[in-house]
Amino acid sequence: MPDQRWGLTVPLPTLPLSAHREVVERAEAAGYTDLWSGETNGPDGFTPLALAAAWTERARLGTGVVGVFTRGPALLAQQAAALADASEGRFALGIGASSDRIVAGWNGIPFERPLARVSETVDFLDAALAGDRTATGFKLEQAPATPPPIILAALRGKMLRLAVEKSAGAFTNFLPISGLERVTAELADAPEGFELLCRFFCLPGPREQVEPLARFMFASYVSVPVYAAFYRWLGHGDAIAEMCEAWEAKDRERALAAAPWNLIEEMFIFGEPAEMRERLGQFVAGGITLPVLTPITTPDRMGELIEALAPN
């Protein structure tokens, strides 16, 4: 896959930020073209990329993604400009509405009109990162020489269509392969060069080894209202109903047992490295332009797994 972009999540699970330099350098040497951060309840989305900017030479660095509710648009513009400067133009800004659990539950901020909030933030950032004064009067002290591309986190129809209208790409997540065609159908009018990114959780090993963690990750994620709505939009409402009900009732044991294994298998990347690369290739063939891999293993095996899943 010589022309295929291939991404890695930073920070990596179980690995402290101070220990990332070696694996980041190994990843770039192994052919990974991109490093994309996540932002949930671990490190923020910008700090790992600031470190990676100093540790890499070629890799594109992207926030995948940071929320538009928990940061004001001016601060987002400042952080994006700083990363674009530090990386000498290798930065892409991924933004999204995040989820009701993170925004309202954890941060106490009303999760209202997410589509409009994302759209308004893109308009603000387009102006600010171009060096213009925004409608609110904000102007960057030093705008990037080239504004970084903006990628939108998008799961369902309206947000996917907004990404096509206003951004350079869409970033999806927790996508079962049977739902890929439904997602790409919403991108039919996208301009040439439009990207479709997807994060993939890579758990090496057979079912009996990975199943407990996979069930927990699936149930805890897909029970979040925005992800439950995504799965219902994909036609899996009945399959996740009992799991979501049990999770909401804090009956974790029943929720994990009710997590539909067929969908878990469709979404996670399991098996030996060769099987995992083959599975990722199916998603690429279906329209994912940039897989962003999240390898899940012990710290001492992380570098080895990253190299085993490399595109070369």
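1. Which residue forms a salt bridge with arginine 21? The partner is glutamate 25, with the closest N and O atoms 2.8 Å apart, where a salt bridge is a side-chain nitrogen of Lys or Arg within 4 Å of a carboxyl oxygen of Asp or Glu. Both residues lie in helix H1 (residues 20–30), four residues apart, about one turn of the helix; helices (H or I, at least four residues) and strands (E, at least two) are DSSP runs numbered from the N terminus.

2. On the basis of the note: this is a predicted model, in which local features need pLDDT of at least 70 and side-chain atom pairs count only at pLDDT 80 or more, while totals for chains, interfaces and linings use all residues. Residues are numbered from 1 along each chain as its sequence is written, and side-chain values use heavy atoms, with hydrogens and water left out.

3. By the salt-bridge rule the count comes to 16. Among them, aspartate 34 pairs with arginine 5, the closest N and O atoms being 2.9 Å apart; because aspartate 34 lies in strand E2 (residues 34–37) and arginine 5 in the segment before strand E1 (7–10), the pair ties together parts that are 29 residues apart in sequence. Aspartate 34 is buried, with a relative accessible area of 0%, whereas arginine 5, at 31%, counts as partly exposed (buried means under 20% relative accessible area, exposed over 50%, and partly exposed in between, with a 1.4 Å probe and protein chains only).

4. Arginine 161 forms a salt bridge with glutamate 186, with the closest N and O atoms 2.6 Å apart. Arginine 161 lies in helix H6 (residues 157–166) and glutamate 186 in the loop between helix H7 (180–185) and E8, so the pair ties together parts that are 25 residues apart in sequence. Salt bridges that share partners also join Arg5, Asp34, Arg60 and Glu195 into one network.

5. Helix H9 (residues 225–233) is largely enclosed by the rest of the structure, because seven of its nine residues are buried. These buried residues are Val226, Tyr227, Ala228, Ala229, Phe230, Tyr231 and Trp233, and just after H9, glycine 235 takes a positive phi of about 95°.
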